[in-house]
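Here are my notes on this one, in the order I'd look at things. Have the viewer open as you read.

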Amino acid sequence: MPFFVKDYSEYYKGRCYHERSLNSNEGWNNIGCMSFMNQPILKYSNEIRSAVRTDLYDNLDVIPFDKIQDFLAKNGVC
């Protein structure tokens with residue numbers, strides 16, 4: 001199984017589990033295939049070398065808040 005599948009499984013069926021969540025159990029969503037609209041961007045997935053996406057949901061240790069703040073300040077956003 002690819003790493004990203006294991007990663008999502010661990011997140012949605014593990015540390016983020018909720019009995020009413022479609023991603024946390026065997027539920028199905030009527031618009032579930034809409035995510036395939038983003039597939040062309042997946043050809044660049046091998047270029048990603050930083051924290052995995054699910055880490056950005058709740059693992060605050062891997063989010064570079066200082067770099068984000070510097071970027072926003074430099075570009076006049078905050």
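1. A term first: a salt bridge here is a side-chain nitrogen of Lys or Arg within 4 Å of a carboxyl oxygen of Asp or Glu. Keep in mind that this is a predicted model, where local features need pLDDT of at least 70, side-chain atom pairs count only at pLDDT 80 or more, and totals for chains, interfaces and linings use all residues. Numbering starts from 1 along each chain as its sequence is written, and side-chain values use heavy atoms, with hydrogens and water left out.

2. On the overall layout, the protein chain has three helices and zero strands (DSSP runs: H or I of at least four residues for helices, E of at least two for strands). Of its 78 residues, 9% count as buried, meaning under 20% relative accessible area with a 1.4 Å probe, protein chains only.

3. Helix H1 covers residues 3-15 and reaches 17 Å from its first C-alpha to its last, close to the 18 Å expected (1.5 Å times one less than its number of residues). Its buried residues are Asp7, Tyr11 and Tyr12.

4. Asp7 is the one I'd look at. Asp7 is buried yet has no salt bridge, and the nearest side chain of opposite charge, Arg15, is 5.3 Å away. Neighbours within four places in sequence aside, Asp7 is in contact with Val52 and Thr54 (heavy atoms within 4.5 Å).

Definitions and conventions: Buried means under 20% relative accessible area, exposed over 50%, partly exposed in between (1.4 Å probe, protein chains only). Lys and Arg count as positive and Asp and Glu as negative; His and the chain ends are not counted.
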